[in-house]
Amino acid sequence: MINFKETNFKDQRVVMRVDFNVPLNAELQVTDDTRIAGAAATISKILNDGGSVVLMSHLGRPKGGSENKFSLKHIITTLQKYFPGVNIHFADDCISDEAFSMSKELKNGEILLLENLRFYPEEEKGNQEFAQKLSKHGSIYINDAFGTAHREHASTATIARFFDSNHKGFGYLMAAEVENASKVLYDSVSPVTAIVGGAKVSDKILLLERLIDSMDNILIGGGMAYTFIAAKGGKIGKSLFEPDYTELALKILKKATEKNTNIYLPEDSVVADQFSADAQYKAVSSNQIPDDWMGLDIGPVATDIYSNVIKSSKTILWNGPMGVFEFKNFSNGTFSIARAVAEATDEGAFSLIGGGDSVSAINKSGLQDRVSYVSTGGGAMLEFLEGKELPGIKAIKE
Ligand code: AMP
């Protein structure tokens, strides 16, 4: 594969997969342009070298066939903000004859944005013919869509077969994601701590199993903690519980002991009498939750213990919130953890906020600039951290 940074793209037309799957409001305006910002440096490098770029992406989940609310034309104004003065053309079908003549006529320094790839069901099926057609839009294929790297789709994986290894590679964003996640998994400085939270233990089993091998400490929070606590015989009231996972939870705890990894469960919890923002709440011991109450946040004692472990760590990975941080009264655990991660980073630790709701939590806390790296890929980052080889990465390396 090519080294993106070292390649000069003068006179080259690059077909590039980006992840412009951004949220739109009812007026079809972009409400969060993080993903566009994430790909901007890669696009700029090609344009500044004197090349041109054909951008392809999906947006939302169209049912097959074109739908105005999922049209990528709605992002052009936002894209233009990142490239003032650059001609941005738009092809309203990604593989029409017109789209191909537009890409052929593209001048150096210009951008062509193709319409939503998922208007063709062939995209998600990884269809060969469709991928081959897409490959005709450029002589070099660059993948900078980390957010969809775990999907074996036409534009993320199959297309790479139509380029030899000297004509395909990763963009800056993709390279940064892989580099930062690899730092935590394979090149970390001890003590290494993972903070794992979120709703369900079933979503995080593979992650926990993988992390036991490489972490010194694993701090567990969020709804998933209660299946562990129940498995150990605790009373968890109406807290989230996945009975089918109690055995696996015990197995994970046992494996951690064997591998000398400290797994922490929250000593106490903030419990609520109903699942709502204005529920009654109080802090109780996590294994003595009253029958009609549910744990919605880690408690003050757990928050202190977790914060101290984080502040004495040199490498930190955070995936998943410590509670229902969307409700103010149950957000303290998550935001205190965010502060501890920022403080540890100030003191020289490397911190990766790896995917999903911990990314929105760190952004909501305003501390996103005080951590080392915030991943743009939810599911993709989770799978990478689980140790899986992502199809989007494999396809480029082959
Ligand atoms: P996930 O997508 O699995 O990372 O889970 C994130 C979601 O889990 C957030 O929307 C949280 O509100 C929710 N969550 C975290 N802790 C709890 C809890 N103790 N009970 C119910 N939901 C929770």
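Predicted model: local features only at pLDDT ≥ 70, side-chain atom pairs only at ≥ 80, totals over all residues.
Residues are numbered from 1 along each chain as its sequence is written, and side-chain values use heavy atoms, with hydrogens and water left out. Local features need pLDDT of at least 70 and side-chain atom pairs count only at pLDDT 80 or more, while totals for chains, interfaces and linings use all residues.

Helix H5 spans residues 128-135. Helices (H or I, at least four residues) and strands (E, at least two) are DSSP runs, numbered from the N terminus. The buried residues of H5 are Phe130, Ala131, Leu134 and Ser135. Buried means under 20% relative accessible area, exposed over 50%, and partly exposed in between (1.4 Å probe, protein chains only). Down the axis of H5, the buried residues fall within an arc of 140°, so they line one face of the helix. That arc is taken from the directions from the helix axis to the C-beta atoms. The cover over these residues includes strand S1 (13-17), strand S2 (52-56) and helix H4 (122-125). Contact here means heavy atoms within 4.5 Å. At the N-terminal end, H5 is capped by Asn127. A side-chain oxygen of Asn127 lies 3.0 Å from the backbone nitrogen of Glu129. A polar contact is a pair of N or O atoms within 3.5 Å; within protein, one must be able to donate a hydrogen and the other to accept it, and residues adjacent in sequence count only if both atoms are side-chain atoms.

Eight aromatic pairs occur in the structure. Rings of Phe, Tyr and Trp (its six-membered ring) pair if their centres lie within 6.5 Å; planes under 30 degrees apart count as stacked, over 60 as edge-to-face and the rest as tilted. Tyr120 and Phe130 form a tilted pair, because their ring centres are 5.3 Å apart and their planes stand at 35°. This pair links distant parts of the chain. Tyr120 sits in the loop between strand S4 (111-114) and H4, and Phe130 in helix H5, 10 residues apart. Phe130 is buried at 3% relative accessible area, whereas Tyr120 is partly exposed at 23%.

Tyr264 and Tyr306 also pair. Their ring centres are 6.4 Å apart and their planes at 80°, so the pair is edge-to-face. Tyr264 belongs to strand S10 (residues 262-264) and Tyr306 to helix H10 (residues 300-311), 42 residues apart. Tyr306 is buried, at 1%; Tyr264 is partly exposed, at 25%. Elsewhere, ring pairs join Phe4, Phe9 and Tyr172 into a cluster. Lys282 lies over the face of Trp293, 4.3 Å from the ring centre. A charge sits over a ring if NZ of Lys or CZ of Arg is within 6 Å of the ring centre and within 35 degrees of the ring normal.

The whole structure holds 11 salt bridges. A salt bridge is a side-chain nitrogen of Lys or Arg within 4 Å of a carboxyl oxygen of Asp or Glu. One of them joins Asp49 and Lys45, with the closest N and O atoms 2.9 Å apart. Both residues lie in helix H1 (residues 34-49), four residues apart, about one turn of the helix. Asp49 is partly exposed at 21% relative accessibility, and Lys45 is buried at 16%. Glu124 meets Arg118 at 3.9 Å, N to O. Arg118 is buried at 7%; Glu124 is partly exposed at 40%. Asp213 and Lys259 form a salt bridge at 3.2 Å, N to O. Asp213 lies in helix H7 (residues 205-214) and Lys259 in the loop between helix H9 (246-258) and S10, so the pair ties together parts 46 residues apart in sequence.
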